[in-house]
Amino acid sequence: MDNCVFCKIVNKEIPSYKIYEDDLVLAFLDINPVVSGHVLVIPKKHFESIFETEEEYLKRIVIVARRISIKMKEVLGVEGINLYQANGSVAGQTVFHFHLHVLPRRAGDSLDFVKWMGKIAKKLEKEEFEEMRDKLAIN
Ligand code: 5GP
Ligand code: ZN
């Protein structure tokens, strides 16, 4: 897709520090790492976000993220990994070509991931849980 920075990386019109490439996906270092060793895994075909991304690509992206995670544990000696992925500007997406962040984590690093996950938006009653479950249930 024209004017997509990640398509340009796929097409080698702009350089990247490549970690891995196969027929479906590409993994490379994030230009502005939020932790040391921050990697992005992307489909080589342009999809804006999770809403459009074909399942074949999503499967491969997750498998590759797992392999990179294992490698990070081995060679960086990290204790954990966060996978992070944003869809839509309201969710913090800034590059509109699907990407999965692989974030190696070390004790005392500066990422606040777990803190915001632990924040409760609103305590729900049983009926509210049931209503939401019924709304979101998929086949
Ligand atoms: P988002 O905010 O959409 O979840 O993540 C976009 C990510 O892409 C950011 O972490 C940003 O640093 C990274 N990024 C943006 N432009 C480039 C680029 O040209 N090269 C690389 N390697 N990463 C980029
Ligand atoms: Zn693209």
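Keep in mind that the model is predicted. I will start with ligand 1, which sits in the largest pocket. Two elements give two or more residues each to the shell around the ligand: helix 1, residues 5-10, and strand 2, residues 25-29. Helix 1 supplies the largest share, three residues.

There are 16 residues around ligand 1, and those that come nearest are Leu29, Asp30, Thr94, His99 and His101. By type, the shell consists of nine nonpolar residues, six polar and one charged.

Now the polar distances. An oxygen atom of ligand 1 lies 2.5 Å from a side-chain N or O atom of Asp30. For His101, the distance from a side-chain N or O atom to an oxygen atom of the ligand is 2.8 Å. Ile31 takes part through its backbone, where a polar atom is 3.3 Å from a nitrogen atom of ligand 1. As for cover, ligand 1 on its own has 520 Å² of accessible area, and the protein covers 82% of that.

Where does Asn87 lie? It is in the loop between strand 4, residues 80-84, and strand 5, residues 100-105. Is Asn87 buried or exposed? Its relative accessible area is 17%, under the 20% cut-off, so Asn87 counts as buried.

The side chain of Asn87 has two contacts to show. One reaches the backbone nitrogen of Ile50 at 2.8 Å. The other is a polar contact of 2.8 Å with the side chain of Gln85.

That is the end of the talk.

Key. Residues numbered from 1 in each chain as written. Chains lettered and ligands numbered in written order. Predicted model: local features only at pLDDT ≥ 70, side-chain atom pairs only at ≥ 80, totals over all residues. Heavy atoms only, no water. Near = heavy atom within 4 Å. Polar contact = N/O pair within 3.5 Å; in protein donor to acceptor, adjacent residues only side chain to side chain. Areas by Shrake-Rupley, 256 points an atom, 1.4 Å probe, with all protein chains shown as cover. 1 Å grid on protein atoms, 1.4 Å probe; cavity = no way out; pocket = protein on both sides within 12 Å on 5 of 7 lines; lining within 4 Å. Sits in = over half its atoms within 2 Å of the grid points. Helix = DSSP H or I, 4+ residues; strand = E, 2+ residues; numbered from the N terminus. Nonpolar A, V, L, I, M, F, W, Y, C, P; charged D, E, K, R; others polar. Buried < 20%, exposed > 50% of the residue type's maximum accessible area, 1.4 Å probe, protein only.
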